[in-house]
Amino acid sequence: MCSRINLREFRFAQTMIFAIEEINNRSSLLPNVSVGYKIFDSCASTLPTTRAGMGLMNGEERTFGKNCSGQSSIHAIIGTSESSTTIVMLQISGIFQIPVISHFATCACLSNRKEYPSFFRTIPSDYYQSRALAKLVKHFGWTWVGAVRSDNDYGNNGMATFIEAASQEGICVEYSEAISRTGSREHVEKVVRMIRRGTASVLVAFLAYDEMDVLLEEALYQNLTELQWVGSESWITSAHLSKKRYSGILSGSLGFAIRKARITGLQDFLLQVNPSQDPQSNLLREFWETTFECSFQPNIPGTKLCSGSERLQDADNAFTDVSELRISNNVYKAVYAVAHALHSMMKCKQSSENLNHLCNLKDQLEPRQVVKYLQDINFTVHSGERVYFDRNGDPAAIYELVNWQRNTSGDIVFTTVGMYDASQPNGKQLTMNGINITWTAESMERPVSVCSENCLPGFRKAVIKGKPICCFSCVPCAAGEISNTSNSAECSQCPPEYWSNVDHSKCVPKVIEFLSYGETMGALLTAFSLCGTSLTLAVLCVFFKFRHTPLVKASNFELSFLLLFSLTLCFLCSLTFIGQPTEWSCMLRHTAFGIAFALCISCILAKTITVVMAFKAKRPVNTVPQCSASLQRTSVLGCTLIQVLICVIWLAFDPPFPHKNMVYAREKIILECYLGSPIAFWVVLGYIGLLALLCFGLAFLARRLPDNFNEAKFITFSMLIFSAVWLTFIPAYVSSPGKFTVAVEIFAILASSFGLLICIFAPKCYILLLKPERNTKRHMIGKK
């Protein structure tokens, strides 16, 4: 009553008959018991399935001969091949608790034990296949895919599970369309146009065999090519679809299939099928006419007459092809599952000697008992495969990953390129066996199917508003952040002492910055420091040479030599500020600077006091109190020791130390000397400023004293320069960043040192070297 015969389904029915006859011929399984069968055609449709279910329940009008009992002899139902029709069958058989074992119904909804307590199957649930497909798509980096499904329980439930699993794997579905074999062609045309317009180059087809046939016809008409097809087990090993008619579209397809098996003797059994076995069977006659394209009815124009003697060995179709026994093996296992359940159920338990024998067949053999024993079966078929059901009535979920490849003759062959075992821990479920995969359109390279190009290391993904998460823009990582993998969701911050490289792909140690001798600024400051030192030593040599002349004696030879020595220390202490800061250099640079300048200003102060006291004294000369050399030494030593004491206290309680400053500049580490106690530092500076202020005040008072050589005037100028330099230094020091802080401090030291050297000693050297005639006692006291 169906529209046409399905040769693959007819092979499933014959496989069931083969398994039943094999069981009946065995003595170890159900001895002395013959298993019978009834076969109904559901036509892959709801109404015929309902009719078949009612026929199985009633049992009398569609059977031949008398039953062994007064009730229906149906104790288990094998089938059907679709989830929707299986659900219809279960709604009828479930009332009587008759077990239904399907070989091809994969809808995850059927695992609901509350809804379908008497359902079993020998094919894994789509719960696992859908997740396997999501992992497969993820494995090849396809994050932007299209999807098409059967508009029934199989397709809708399977695709819903796939989309959920794909979302968890970070995969986006561009579109998801449904088709039905009974739907209009206009709808199928619309679906194919949608696929053509889509940007995804990978199409996941969760379609039943018949819907796939309908879709491919329209795809062929619209020349839909260059798509990577990913298929479900329903069609991925279909020999009919792999013919040359569709090979240009489906070449390179990938999908999961039930494991292939070999059933010994099945091929010979199938080749013996002939209308003569049952001349009254219209089904056998239709099968024969379809296979050999003939007719048993004479005088049909354009059709040859069937003789019945044609050889099935010469036919090449879905019925005779036993090279890919996958679903047929599920039928075979389903029949044996029922047999083992019946065998266990009818074992005698009264005595141990009869343990291996069967009781007499009871008249009342309840189907609900078969359900109970089916749940507990555990046996191994001839191929070595173990058969059992979990608590949901499902078998172990193990799939082969099949790739459509061409052999040397150009025909499509189904090549196993991997496995999926749901029992393995996550990450090890999908395994590849190393065989090269053929991609769509015979391409040697794996197709790319993404909404947005991969973000390279150094970038992060930014979601585009209004689009799926797989559509994104690539935003460079901010300074100090990296991403070292492609398609990073976010950038990670580098550790405190690290910074991002130019590409923002890895963290590298930050550049450590300090004022070094090797750089231009450090070299120039070093040169000025050495130049000042050399100049000071030259002045010292000049003064030593002319130490007995009136000018040098009038300048207080001892204080001048001590002042030149302290200026030498001032020039040299600037060198301690250059180079990498260490614990010792940090303590030395500030204390040496403070003590050297304190000594220098103390000498100038002593000279100033001597000049003021000498010229302010009343005559006669022999009554003028002279500053003795001991008093000068005491004043210099006392003023210097105060600074030494301040520095000792500073070093004892809170000394300077090297510090990595990562606050001012994030991209580098400024290695500087932290002052320890800022108060101590400013006290050191303040003390030097106090001495300088005293010098300036005293020298200013003595600037107009009558003399041809008034040293107070030059001290006044030197103190003005000194004060100007250090007053300018304070804001520059506070605001200068990094190594420039050190450079400002060195500049202040050198500038003030040069100012003192030039203002105080340049006029004297000028007279000593260029104007010796003015270096006389008469000239010193202003007498003619």
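How are α4 and α5 oriented to each other? I began with this pair, in what is a predicted model, where local features need pLDDT of at least 70, side-chain atom pairs count only at pLDDT 80 or more, and totals for chains, interfaces and linings use all residues. I keep in mind that residues are numbered from 1 along each chain as its sequence is written, and that side-chain values use heavy atoms, with hydrogens and water left out.

**Entry: the helix pair**

I looked up helix α4 (residues 126-139) and helix α5 (residues 153-168), whose axes come within 8 Å and cross at roughly 45 degrees; helices here are DSSP runs of H or I with at least four residues, strands are runs of E with at least two, and both are numbered from the N terminus. The axes are lines fitted to C-alpha atoms, for helices over the stretch in contact, and angles run from 0 to 180 degrees between N-to-C directions. α4 and α5 are therefore oblique to each other, given that under 35 degrees counts as roughly parallel, over 145 as roughly antiparallel, 65 to 115 as roughly perpendicular and the rest as oblique. I noted the crossing of α4 and α5 as right-handed, the term used if the near helix is turned clockwise from the far one by less than a right angle.

For contacts (heavy atoms within 4.5 Å), I found that α4 contributes Asp126, Tyr127, Ser130, Arg131, Leu133, Ala134 and Val137, which meet residues of α5 including Tyr154, Phe162 and Glu164.

**Entry: backbone checks**

I then found a cis peptide bond from Gly79 to Thr80, with omega near -5 degrees, and placed Thr80 in the loop between β1 (77-78) and α3 (83-93).

Phi of Glu293, a residue other than glycine, is positive, near 50 degrees, and Glu293 lies in the loop between α10 (282-292) and β9 (294-295). Glu293 is exposed, with a relative accessible area of 66%; buried means under 20%, exposed over 50% and partly exposed in between, with a 1.4 Å probe and protein chains only.

Asn487 is not a glycine either, yet has a positive phi of about 55 degrees; I located Asn487 between β18 (481-482) and β19 (492-493), in the loop, and recorded it as partly exposed at 26% relative accessible area.

**Entry: nonpolar cores**

Which residues touch the most other members of the largest nonpolar core? Of its 89 residues, they are Trp142, Leu254, Phe256 and Phe287, a core being a set of buried Ala, Val, Leu, Ile, Met, Phe, Trp, Tyr and Cys residues joined through side-chain atoms within 4.5 Å. Helix α11 (residues 327-345) gives the most to this core, with twelve residues.
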